[in-house]
Amino acid sequence: MKQISASEQVISPWVTLVARTITAGEGDAPRTFHSLKQADYVSVLAVTADGRVPVVRQYRPTAEGKTLELPAGLLEADETPELCAHRELAEECGLALPEGGGFTLLPVMRPDTGRLENRLWSYFATGVTPVQGWQPEPGMECLLLDPSELSDAIARGAFNHALHIAVIGQAMLSGLFSPLVTVPRGSMNDSA
């Protein structure tokens, strides 16, 4: 593969459209591929001291409805992915790591290698505790689910954020998280 040209068009402060013209080899006709450049994503799978998982319910215009997601956000230019994880967990759920606690970094993923240029940094934490004086962001609700409730929500399609399900899968494969699935047969695709 040989890149012939590349151009960028800033669409918003969050997204840049990239066009790359590439040939596969001698005599191959040039083809143009488009991708989106944006900040890296950061998400947190956390477990409270009493064993519950914080998730966020919020309205998402692209889904035209409310979604259930892990605490997450875009990496800001002046912060590390781990600082972003602390910020998102505190802002969205009012939770913080206990004194001396730390995040476990899960393998960094590529959200969509065909269209997106960013990465997904994900962290696992246990024993998270409430932040004094926390107020939820407007339009955002933090729910604390038992691991089996989270499994049920995933199995029913109520928690359907593919990247966040991948984070949960990584934590499971790493032996850090083990939810129980208790969905009765015939209840798939029930809404939350």
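This is a predicted model: local features need pLDDT of at least 70, side-chain atom pairs count only at pLDDT 80 or more; totals for chains, interfaces and linings use all residues.
Seven of the eight residues of strand E4 are buried, so E4 is largely enclosed by the rest of the structure.

Look at the partners of E4. Eight bridges join E4 to E10, and these two strands run parallel. Within that pairing, Val44 stands opposite Tyr123 in E10. E4 also pairs with E7, this time in the antiparallel sense, over three bridges. Here Val42 stands opposite Gly73 in E7.

Stay with Tyr123 for a moment. The model has two aromatic pairs. Phe103 and Tyr123 form an aromatic pair that is tilted. Their ring centres are 5.4 Å apart, and the planes make an angle of 55 degrees. That angle lies between the limits of 30 degrees for stacked and 60 for edge-to-face, so the pair counts as tilted. What does the pair tie together? Phe103 lies in the loop between strand E8 (95-96) and strand E9 (104-105), while Tyr123 belongs to strand E10 (residues 120-130), so the contact links parts that are 20 residues apart in sequence. Both Phe103 and Tyr123 are buried.

Now turn to another sheet. It is open, has three strands in the order E6-E5-E11, and its pairing is antiparallel. Strand E6 (65-69) and strand E11 (140-145) are the edge strands, each pairing on one side only. Neighbouring strands of this sheet are turned by 25 degrees against each other on average, direction ignored. Strand E5 (residues 53-60) is joined to E6 by five bridges.

Helices come next. Helix H2 (residues 147-156) packs on the sheet and touches E5, E6 and E11. The direction of H2 makes about 115 degrees with that of E11. Helix H1 (residues 81-93) lies across E5 and E11, and runs at about 70 degrees to E5.

Finally, consider the largest pocket. Its volume is about 740 Å³. Which residues lie nearest its centre? They are Tyr41, Arg60, Glu69, Leu74 and His161, out of 23 residues that line the pocket. Strand E4 (41-48), E5, E6, strand E7 (72-74), H1 and helix H3 (162-173) each give two or more residues to the lining.

Methods: Residues are numbered from 1 along each chain as its sequence is written. Side-chain values use heavy atoms; hydrogens and water are left out. Rings of Phe, Tyr and Trp (its six-membered ring) pair if their centres lie within 6.5 Å; planes under 30 degrees apart count as stacked, over 60 as edge-to-face and the rest as tilted. Helices (H or I, at least four residues) and strands (E, at least two) are DSSP runs, numbered from the N terminus. Buried means under 20% relative accessible area, exposed over 50%, partly exposed in between (1.4 Å probe, protein chains only). Two strands pair if DSSP finds at least two bridges between them. Axes are lines fitted to C-alpha atoms, for helices over the stretch in contact, and angles run from 0 to 180 degrees between N-to-C directions. Contact means heavy atoms within 4.5 Å. On a 1 Å grid over the protein atoms alone, a cavity is a set of points where a 1.4 Å probe fits but cannot get out, and a pocket is an open set with protein on both sides within 12 Å along at least five of seven lines; lining residues have an atom within 4 Å of a point. Grid points are joined across faces, edges and corners, and a volume is the space filled by probe spheres set on the points.
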